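Please describe the structure below in plain terms for someone who has not seen it before.

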Amino acid sequence: DVPKRSCYAVYVAILRSYDGMGQLIVEVENTDNGRKSSKELDGLWNPRISVWSDNQIINDDDAGACTGKCKVTIRTKPQIVGRSGNKVKILTLSARECSTIAGK
């Protein structure tokens with residue numbers, strides 16, 4: 001719960017790495033109006049280095065998607081055949097007031 005506003009941008013940071021990483025779905029539900037937004041993320045990438053990846057789930061121009069009281073659900077997807085694992089590492093979950101609103 002954060003103070004009620006017209007829009008919050010929601011971010012989830014995950015670890016992206018070159019081996020053993022899986023996929024996940026991040027869903028944000030505005031409990032005031034029932035609106036849901038989701039985004040699929042993949043922790044696997046090619047460079048042989050592990051990095052922080054900050055992902056915007058709710059965009060700044062998506063007024064009403066998250067207005068203060070929102071529920072965030074993170075679910076891993078089944079392991080993909082051929083991958084050496086299905087690890088998901090969540091680093092941060094954050095929300096900030098949107099910097100722009102459509103129509104302003």
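V10 has A95 of β6 as its bridge partner. This pair belongs to the contact between strand β1, residues 8-16, and β6, where seven bridges join the two in the antiparallel sense. Two strands are taken to pair if DSSP finds at least two bridges between them. The model is predicted, with local features needing pLDDT of at least 70 and side-chain atom pairs counting only at pLDDT 80 or more, while totals for chains, interfaces and linings use all residues. Residues are numbered from 1 along each chain as its sequence is written, and side-chain values use heavy atoms, leaving out hydrogens and water.

Strands β1 and β6 are part of an open sheet of three strands in the order β4-β1-β6, with antiparallel pairing. At its edges lie β4 (51-56) and β6 (90-97), each of which pairs on one side only. On average, neighbouring strands of this sheet are turned by 20° against each other, direction ignored. Axes here are lines fitted to C-alpha atoms, for helices over the stretch in contact, and angles run from 0 to 180 degrees between N-to-C directions.

Another open sheet has three strands in the order β3-β2-β5, also with antiparallel pairing. Its edge strands are β3 (36-42) and β5 (70-76), and each pairs on one side only. From one strand to the next, the twist averages 15°. Strand β2, residues 23-30, pairs with β3 over seven antiparallel bridges. Within that pairing, L24 has L41 of β3 as its bridge partner.

The bridge partners named above are listed here.

| Residue | Bridge partner |
|---|---|
| V10 | A95 in β6 |
| L24 | L41 in β3 |

Now the chain as a whole. The protein chain has six strands and zero helices, and its elements run β-β-β-β-β-β from the N terminus on. Helices (H or I, at least four residues) and strands (E, at least two) are DSSP runs, numbered from the N terminus. The C-alpha atoms fill a box of roughly 45 × 25 × 20 Å, taken along the principal axes.

Of the 104 residues in the protein chain, 36% are buried, meaning under 20% relative accessible area with a 1.4 Å probe, protein chains only. The accessible surface comes to about 6200 Å², and 48% of this belongs to carbon and sulfur atoms; the areas come from the Shrake-Rupley method with a 1.4 Å probe. Among contacts (heavy atoms within 4.5 Å) between residues at least 6 apart in sequence, 81% join residues at least 24 apart.

Definitions and conventions:
Buried < 20%, exposed > 50% of the residue type's maximum accessible area, 1.4 Å probe, protein only.
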